[in-house]
Amino acid sequence: MMLRRGFILFLPRLVGLLVVACCSMSIVYMLACTPKGDNQQLALPRVHSPTVKEGYEAILQEREEQHRNYIISLKKQIAQLKAELQGRTEQLKNMQNQYPDSLDVWLDHSKPENAQANLLAFLRSQVDKAEVHSGVKLSTEYAAVPFESFTLQKVYQLETGLTRHPEEKPVRKDKRDELIEVIELAVGSLNKPDGVSKAKPHVYTASDFVEGIYRTEKNKGTLYELTFKGDAKHQFKKIVLFRPFGPVMKVKNENVNMADTLINVIVPLAKRASKFRQFMQNFREMGIQQDGRIHLTVVYFGKEQMNEVKSILENTSKSANFKNFTFIQLNEEFSRGKGLDVGARFWKGNNVVLFFCDVDIYFTAEFLNSCRLNTQPGKKVFYPVLFSQYNPSIIYGHHDSIPSLEQQLIIKKETGFWRDFGFGMTCQYRSDFINIGGFDLDIKGWGGEDVHLYRKYLHSNLMVIRTPVRGLFHLWHEKQCLDELTPEQYKMCMQSKAMNEASHGQLGMLIFKQEIETHLHRQKLSSKKT
């Protein structure tokens with residue numbers, strides 16, 4: 001009885017001891033089996049543990065510390081990159097200070113062998129940069145540089161302008177010499193022995209040349225691909241040549257002072273008083289008010305409308321306080337060349353820039369500076385290519401009204417064209433004009449005199465600057481081709497008249513106007529039925 005009672009009393013203690021032992025073993029097991037990372041990560045506390053809050057806070061603090069260290073590391077890397085970039089920039093500045101002209105790096109004349117090697121390396125790098133061995137990715141279809149093709153006799157070109165033909169003989173000497181040189185070089189290369197074949201080699205000549213294509217990348221060079229006849233009927237020899245462009249050379253660095261450079265604008269005129277009034281508005285704004293270093297010489301033929309022209313000139317003189325003008329009257333038949341020649345020779349002052357102008361020309365103050373900058377006595381004459389305006393009534397025929405003159409003077413293919421067949425507007429020093437012999441005074445009426453003067457300069461040692469300019473416009477006017485003109489002059493006049501009216505697309509719309517209106521009418525009828 002006593003043993004049973006003692007056992008009953010001991011049993012709860014035994015159970016309690018067993019429970020405590022089991023719990024202890026569980027704790028030891030969990031501690032032993034908790035996974036540890038490289039940095040001895042803390043185990044997540046049990047949900048019912050009294051230290052759950054402290055455990056999570058410790059883990060969050062550890063993670064925050066890791067991110068903080070990572071950010072610090074990134075900042076250090078950025079600082080290192082900035083320091084390296086600054087160092088490279090300073091290095092580049094030091095090189096630029098040491099070699100102010102990039103050409104000096106390539107052509108060190110103190111060491112000819114280095115200069116030759118550097119230049120050869122540069123030229124080879126031009127081949128690698130050009131589209132010779134492989135193509136390059138281009139952004140649009142207009143970014144591709146097209147080839148032009150040629151044979152022994154003809155060149156087939158895309159950029160024809162208004163004076164060149166799609167197919168023509170290479171008229172310019174530089175282009176003719178270039179293509180001849182390339183063909184001769186290719187023939188010479190093909191005839192060099194290869195040292196491998198023992199058979200009698202085929203001797204190539206220029207007559208074996210079939211065709212070639214070429215194109216120029218302005219900052220790299222010119223690529224030529226030439227095809228020659230082969231040994232059999234359907235066999236060909238193809239040779240690729242490349243003319244690399246060298247490094248940019250500094251030729252001149254000078255200050256140009258044009259503060260005292262006067263321009264004498266010479267305008268030959270007969271009748272056309274209303275056009276002269278429009279011209280004087282432009283002359284007053286651009287020449288007198290904006291530029292201020294200008295003289296006007298008007299050479300007037302005949303007496304009809306002369307008083308009206310003189311009145312316009314005198315009114316401008318009074319209102320703008322402008323005294324630098326000369327009016328010369330000639331009682332003879334109009335001759336543009338004669339008028340310009342008389343106006344140029346009438347000047348009695350120091351050497352002056354002459355601007356041969358017409359009454360239907362609009363110029364800007366910027367153009368007057370271009371006129372000064374591109375002329376030099378004894379060295380340079382300026383032949384700008386002006387932008388010729390189409391007939392405004394055709395261009396703006398679909399508008400409610402024709403815009404003002406200033407709004408019309410925009411350079412677009414819909415509004416006009418570069419007048420690259422005209423040589424009448426030109427700037428040169430008076431001394432050069434006198435020395436070259438002036439105009440051919442036997443030419444009467446319209447056209448021809450400007451071309452003869454232009455050719456005189458081309459045959460001289462003077463440099464002719466020929467370039468499109470954005471500040472010189474030929475205003476549209478109806479052109480009259482008189483019966484008194486010679487057949488050649490009349491043909492030139494009619495060609496000029498056709499060019500002046502509108503673009504091909506606009507003229508096409510006029511030709512097919514009836515068809516277009518018929519189509520629109522049918523469209524309206526069909527829409528009503530539906």
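Trainee: With the bonded cysteines of the protein chain numbered in sequence order, what is the pairing?

Mentor: This is a predicted model, in which local features need pLDDT of at least 70, side-chain atom pairs count only at pLDDT 80 or more, and totals for chains, interfaces and linings use all residues. Residues are numbered from 1 along each chain as its sequence is written, and side-chain values use heavy atoms, with hydrogens and water left out. A disulfide is taken as a pair of cysteine sulfur atoms within 2.5 Å, and the count by this rule is two. In sequence order the pairing is 1-2, 3-4.

Trainee: What is the handedness of the disulfide of C371 and C427?

Mentor: The sulfur atoms of C371 and C427 are 2.1 Å apart, and the two residues form a disulfide. The torsion about their S-S bond is about -120°, so the disulfide is left-handed.

Trainee: How many residues apart in sequence are the parts that C371 and C427 tie together?

Mentor: Helices (H or I, at least four residues) and strands (E, at least two) are DSSP runs, numbered from the N terminus. C371 lies in helix α9 (residues 365–373) and C427 in strand β14 (residues 426–429), so the separation in sequence is 56 residues.

Trainee: Is C427 buried or exposed?

Mentor: Buried means under 20% relative accessible area, exposed over 50%, and partly exposed in between (1.4 Å probe, protein chains only). The relative accessible area of C427 is 0%, so C427 is buried.

Trainee: Where does C493, the partner of C481, lie?

Mentor: A disulfide joins C481 to C493, with an S to S distance of 2.1 Å. The torsion about that S-S bond is about -90°, so this disulfide is left-handed. C481 lies in the loop between β15 (463–474) and α14 (487–501), 12 residues away in sequence from C493, which is in helix α14.

Trainee: Which backbone oxygen does the side chain of Q329 reach?

Mentor: Q329 is found in strand β9 (residues 325–330) and is partly exposed at 26% relative accessible area. Contact means heavy atoms within 4.5 Å; leaving aside residues up to four places away in sequence, Q329 touches Y300, G302, K303 and M306. At 2.9 Å, the side chain of Q329 reaches the backbone oxygen of G302.

Technical notes:
A polar contact is a pair of N or O atoms within 3.5 Å; within protein, one must be able to donate a hydrogen and the other to accept it, and residues adjacent in sequence count only if both atoms are side-chain atoms.
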